[in-house]
Amino acid sequence: SGRLKYHRVGEQGVKEHHKLLFDEDRGKWCWSESNGLTYCDEANRRGKELEVKNAATASNANGRDGDWSSCPSGFLALGVGRIDIKGGGASANVVKLDCGIDKCRVRCHSTECNLSTRCGKAAGLDVKNGPEVHAKSGRWSIPSQCPSGYRAIGLGSFRLGATDDKADMNDFDCNADGCRVLCKHSDCWFTPRCAKADAFSVVPGNVAYGVNDRWSPVSKCPAGFKVVGAARVDLHDDAAAANVNDLLCDNDGCKAWCEASTCTVQAMCAGLPRCECTDDAAVDPVGVVGSTFEVGGLTDFDGNFEGKGVPSPSGASGGVEAALRALKKPKAPKPPKQPKLAVFEPVAPEYANECKMEEFSYPTGDAGLWEKVTDSTGDTPLQYAPKGELPDNHPCTIAAGAGGRADGKWGNAGFDAEGRWRTDDTMDKGGDDKDHSNLDYSAISQCSDRDIARGFEQARSDFRHSILEHGIDLADEVTDMMCNAAPTIIVAPMGAGAEYELGDSCSDAIDIGLIVASLANDLVSDFTTLSIEQRGAHDCDPLQVGLARLFCDLYCVRDAVVRGDMAINRNLKTATDITNKNLKKMTEWGVDSMNAQTNWLAQKIDYIDDRLSLKIDGVTNKLDKTSGSTFLADASTAVENMMLEMDTFANAASFEGSSRLSVHRAFSQFKRSASDEPQNLTDALEFFGHVADLHATVTTAGKVPRARAASALTQVGVHQMTTNAKKQLTMLGVYRRHGQKAQQQVRSREQRQELVALDKLWWQLRSKLDLYIDAAEDEMKAYTAAFNAIEQYRSCSAHFDAVHESYDAALATRSSTQSLLHTTWRDASAIFGELAAVIDDSDAFVELMGQDCNTELSQQTFNQVRSGVVGVKMLLRRYVAAGLATPDTTPMVEALQRIQTSYNRAECRK
């Protein structure tokens, strides 16, 4: 029929039952989760994908059924998208969950909470709850299975029987068939959420391990699948305070905030049935290999070789044969369950809430400056402690209260783009004649701008006053001259009378007018000065506000340092505690495993001893009843069969070093002990025993599973990569020792004042090279750690996540080291160029030789340059080792040629 049922190991290590089918049209073997090859064609997949989103959030009052969170039109409720418990503590938990066709609601105890429904839409989608199951307190419930044709996508409903502080759901676990729950300190009832569609396949996401009191990592879905809810949330601690404070499932995956306990989170994923076809057109599926599966042949061979050539004794129903059948082969014990190891996740520090700068909100606010930190790895949100009351003398309280009334009359003035002084609204500097506090950085800058503008306006006022005063003084002098020219009038009608000085009267009258004008000028100037000073007194003082904000910023810097140190200490303690607990668990598990295996080996040795004794007795009895010729013929046939079997197992043993060594020793021993040709029946029996021993050794060594054979090949590759890494470390060590020796040579000449300039450049070069050598050593160590992780994974002593993590760390280290290599090369080229200029332009070698032609200092300086060249050659070799393009060496070569020419020129002068 072209169909073959088989098991395929899935991404989570769970056996998935798929079908292998032969596509006659394309001549390829394909595996499919559906009954046919429909979804192997991309055209049949279009338009049938599942569309998912979270509904609007609905709130819930303490202890009452909350509002329904309803899905958009055309969408059905798949389950929970988010449950956010607003409060904390032991008694704050979810006691009830209900989901209808297109909506869900929740009830929380001792706290308010919010719910968002996970909604979905697809062709032929139908959603309903499965049968309700009663779970006893402290025990796993029986699974609640979805109806035929439906797949479980999470919990559809849930309710606790009690609402005391300890009662809650400690764990729930859903697969494609149904769900089960574990409730602590209370009975509970639940139903699974079941769904079916025209094309619908359900798989779990990856397992995410979260630490307490922070967000767990995100559990993501395989490619092509979408998050429909949570498949599992497991609290590892059943303490009263342990609780899931927040559960979020969106298009990125599922994560949880677990309070007072570590936890496990796993997303539930749905999508179109998966299908994969190979390029192998073989009609026989055995040997077909795809990217995610392979097909191999199986036999019922149990590895138990028993000779058939020796005739059975009379009375086979009893005697030796009956005794052999009566022996019970000891069964290998099941290894103890491997302990569940805790995973450490570092906790980010929480900074003081006042340092978030939310209080400084005018006019735009500074809070956005401290919401996250951006670097080459992306955006990292900053965590802040809960807001609390601050004392009146707190620097940030003082800074937030500092402010004033923004001067809109004199403060908004300024020069426009054409250099003209403007006092209208076009030169807005924040002056609106309103009182403001909580000033942000821009407002503080505007405060200083207004203070400067008022100073300029004061200067303008003083200048106008001075001009008018000079004008009044000039008018006084001019009028005095004019009045002095007026004639004196004498009135003497009878020979006697009075004399009138018209000039004095004129001058006095004009002086009165000028005094009034001067007084008016002074009053206008003084009034302007008073207005400017009054508005300046009411406006913010830039020096006062700036210093207050500076002290607040200094406080936040100190707070960040203190809290960062505290977070580091806490993380170190948590990591140490988790490591100690994991070591204790693994040690106890190793001892239990060893004890079980030791007891089984003792039983097996006794069994083999009894079996061999019975067989020897049977052979002895048969020899008494069988002629030598018949026995030799049967023995010859048995030896021939064993030789054929040994040929197969010897080939298999070549995959592994220990097996290959065992077979080699066995053949060597056989050659030494069975070198002579058998001459009689006794020799034949002895020879047959040697062949049997060789057969047993080769058979045992040749039973190498395919996984172990592949593992052996992996081990060889890891060994080669580790050897290369060690060679790289050795090379870096040579360069480091060479650099240290060169530095010692420089230290011996540091007292020579004439070499200060050259030594300064030399130390710059050495510091650049040493910095890169440190980074290169870290890179090699990172790769060594990655290779060690692969070796541990090969020997089943480490999880693949550890291999992935160490490999990612090695790649990250390589990237940073290569970037530093480029920087170091550019810096070294620049330093050598400057070194060549100093040596050549100052004719340094000639000066160092002096009048008496003492070449010691010049030779040491030239050796110093040679030491630097060794470091530069090391950089070039690192380019080759890293597989990078060789940099441009022209500037470096020209600098070295210039130094060599200068040295040769000094030698010629000598």
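This is a predicted model: local features need pLDDT of at least 70, side-chain atom pairs count only at pLDDT 80 or more; totals for chains, interfaces and linings use all residues.
**Exercise 1.** Determine how many aromatic pairs the model contains, and classify the pair formed by Phe-415 and Phe-456.

*Solution.* Ring centres must lie within 6.5 Å to pair, and by this rule the count comes to four aromatic pairs. A pair of aromatic rings is described by the distance of the centres and the angle of the planes. For Phe-415 and Phe-456 the centres are 5.2 Å apart and the planes stand at 65 degrees. Planes over 60 degrees apart count as edge-to-face, so the pair of Phe-415 and Phe-456 is edge-to-face.

**Exercise 2.** State which parts of the chain the pair of Phe-415 and Phe-456 ties together, and how accessible Phe-415 is and Phe-456 is.

*Solution.* Phe-415 belongs to strand E29 (residues 414–415) and Phe-456 to helix H4 (residues 441–484), so the pair ties together parts that are 41 residues apart in sequence.

**Exercise 3.** Describe the pair of Trp-825 and Tyr-879.

*Solution.* The distance is 6.4 Å centre to centre and the angle between the planes is 85 degrees, which makes this pair edge-to-face. Trp-825 is in helix H12 (residues 800–841) and Tyr-879 in helix H14 (residues 856–881), 54 residues apart. Both Trp-825 and Tyr-879 are buried.

**Exercise 4.** Identify which ring lies under Arg-159 and which lies under the charged end of Arg-180.

*Solution.* Arg-159 lies over the face of Trp-189, 4.5 Å from the ring centre. The charged end of Arg-180 sits over the ring of Trp-140, at 3.9 Å from its centre.

Definitions and conventions
Residues are numbered from 1 along each chain as its sequence is written. Side-chain values use heavy atoms; hydrogens and water are left out. Rings of Phe, Tyr and Trp (its six-membered ring) pair if their centres lie within 6.5 Å; planes under 30 degrees apart count as stacked, over 60 as edge-to-face and the rest as tilted. Helices (H or I, at least four residues) and strands (E, at least two) are DSSP runs, numbered from the N terminus. Buried means under 20% relative accessible area, exposed over 50%, partly exposed in between (1.4 Å probe, protein chains only). A charge sits over a ring if NZ of Lys or CZ of Arg is within 6 Å of the ring centre and within 35 degrees of the ring normal.
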